[in-house]
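Q: I would like to learn how to read a structure of this kind, one feature at a time. Please show it first.

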Amino acid sequence: QRELEPIAERIDADEEYPFDNIKKLAQLGITGITIPEEYGGSGGTHVDWCIALEEIARACAATASILDTSWGLCAHCINAFGNEEQKKRLLVPLAKGEMIGAFGLTEPNHGSDIAQLDTLAVKDGDSYVLNGTKTFISNGAQADVLVIFAAKDKTSGYKGQSAFLVEKGTPGFSIGQKFHRLGIRGAHNAELLFEDCRIPAENLLGEEGRGFSIALATLDSARIGVAAIAVGIARAALEASIEHAKTREQYGQAIANFQALQWMMADMATG
Ligand SMILES: Cc1cc2nc3c(=O)[nH]c(=O)nc-3n(C[C@H](O)[C@H](O)[C@H](O)COP(=O)(O)OP(=O)(O)OC[C@H]3O[C@@H](n4cnc5c(N)ncnc54)[C@H](O)[C@@H]3O)c2cc1C
C-alpha cells in the first residue's frame, strides 16, 4: 500500500508497465509464493496467492493482473505440467522475478471457442515449427517465457492441441499490434506472431495432444486469482468512498450522515 498505491494513478494514466513494482514484490518473495521450495519459491497455497493478489490489487490492479498472468497462469502451468528440466530452467528464475511469463491461447478467430486453433505446431525432426497469431495476450510483449497452445493440423480439434514453451528472442517469434485498454492500463496486451518459429522438441510442455486439458486446468486455477483481484479493487473503492464521505461536507455536515449514501456503502460492503 505504501509503495504501490502512490504511483498507481500515474501507471494507469501513462500506460506504464510497472517493472519496478514487480522487482520490489520479487524481493519480498511474492513471485515465488506458489512455486515449490525446490525451485526457489516458498511452496505456498493458492489461498496464500489470492490473499497477496487481493492486497496488491487494492493498491495497484495493473501490478496484480501482471502477477496473476505471469505466476498464476504461466508459472503455475509449468509447475503443474513441466518436466524436471523445464522446471529447473524456468521456475527458478520465475520464482525470483528474474523472468516474466505469459500464456497464449486466444487467437483472432478463437476466443471462447478454442476447440480448434488456427496456430499450428508441426513436428520436424527434433523441433516443432509454429505458425499463427495469438491475440490479446497479457504480458505478451514483456514476457521472457510464454506458454503457447497450438494444434498439429486444422482438423484434429481439441485432441490435436499441445502446449509449448517459447522463449523471448526465438527467431520467427515477434510482437504484432499492442492494444490500448480502457482500464487497468499498466497491464499490457499484445498480438504474438509466429512465422516458421522453430523451437526444440524438448519445449513441448506436458504430453503431445494434451494442450486443451492443460489450458482448461490452468485457466480454472487462474480465474480464482482474477476474483481475488476484483475483491481487492472493490475493497479499495469502498475504503475510498468511506474516506470521502467522512470528509466531504454538504449542507453543513459530512455526506456520510446522509442515509442514502450509507445504504450505497453498505451495499458495497456486503454485496
Ligand atoms: C484483460 C484481458 C486479458 C486477456 N489476457 C489473455 C491472455 O493472457 N491469454 C489469452 O490467451 N487470452 C487472453 N485474453 C483473451 C480472453 O481469453 C478472450 O477475450 C476470451 O476468451 C473471450 O474471447 P473473445 O474476446 O474472442 O470473445 P468471443 O468468444 O468472441 O465472445 C463474445 C461474446 O459472446 C459470448 N459467447 C461466446 N460463446 C457463447 C455461447 N456459446 N453462448 C453464449 N454466449 C457466448 C461471450 O461470453 C462474449 O460475451 C484476455 C482478455 C482480456 C479482456
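Q: Is Thr119 buried or exposed?

A: A residue counts as buried under 20% relative accessible area, as exposed over 50% and as partly exposed in between, with a 1.4 Å probe and protein chains only as cover. Thr119 is buried, at a relative accessible area of 0%. Thr119 sits in the loop between S1 and strand S2 (120-124). Helices (H or I, at least four residues) and strands (E, at least two) are DSSP runs, numbered from the N terminus.

Q: What should I know about the model and its numbering?

A: This is a predicted model, in which local features need pLDDT of at least 70 and side-chain atom pairs pLDDT 80 or more, while totals for chains, interfaces and linings use all residues. Residues are numbered from 1 along each chain as its sequence is written, and side-chain values use heavy atoms, without hydrogens and water.

Q: With which side chain does the side chain of Thr119 make a polar contact?

A: A polar contact is a pair of N or O atoms within 3.5 Å; within protein, one must be able to donate a hydrogen and the other to accept it, and residues adjacent in sequence count only if both atoms are side-chain atoms. For Thr119 the partner is the side chain of Glu107, at 2.7 Å.

Q: Which residues surround the ligand?

A: A residue is near a molecule if one of its heavy atoms lies within 4 Å of it. The shell includes Phe103, Gly111, Ser138, Arg181 and Asn189. S3 gives the largest share of this shell, three residues.

Q: Which residues touch the most other members of the largest nonpolar core?

A: In soluble globular proteins, nonpolar side chains tend to be buried together. A nonpolar core is a set of buried Ala, Val, Leu, Ile, Met, Phe, Trp, Tyr and Cys residues joined through side-chain atoms within 4.5 Å. Here the largest one has 54 residues, and Leu67, Trp71, Leu94, Phe103, Val147 and Phe149 touch the most other members. H4 gives the most to this core, 10 residues.

Q: How many helices and strands does the protein chain have?

A: The chain has seven helices and 10 strands. Of its 271 residues, 46% are buried.
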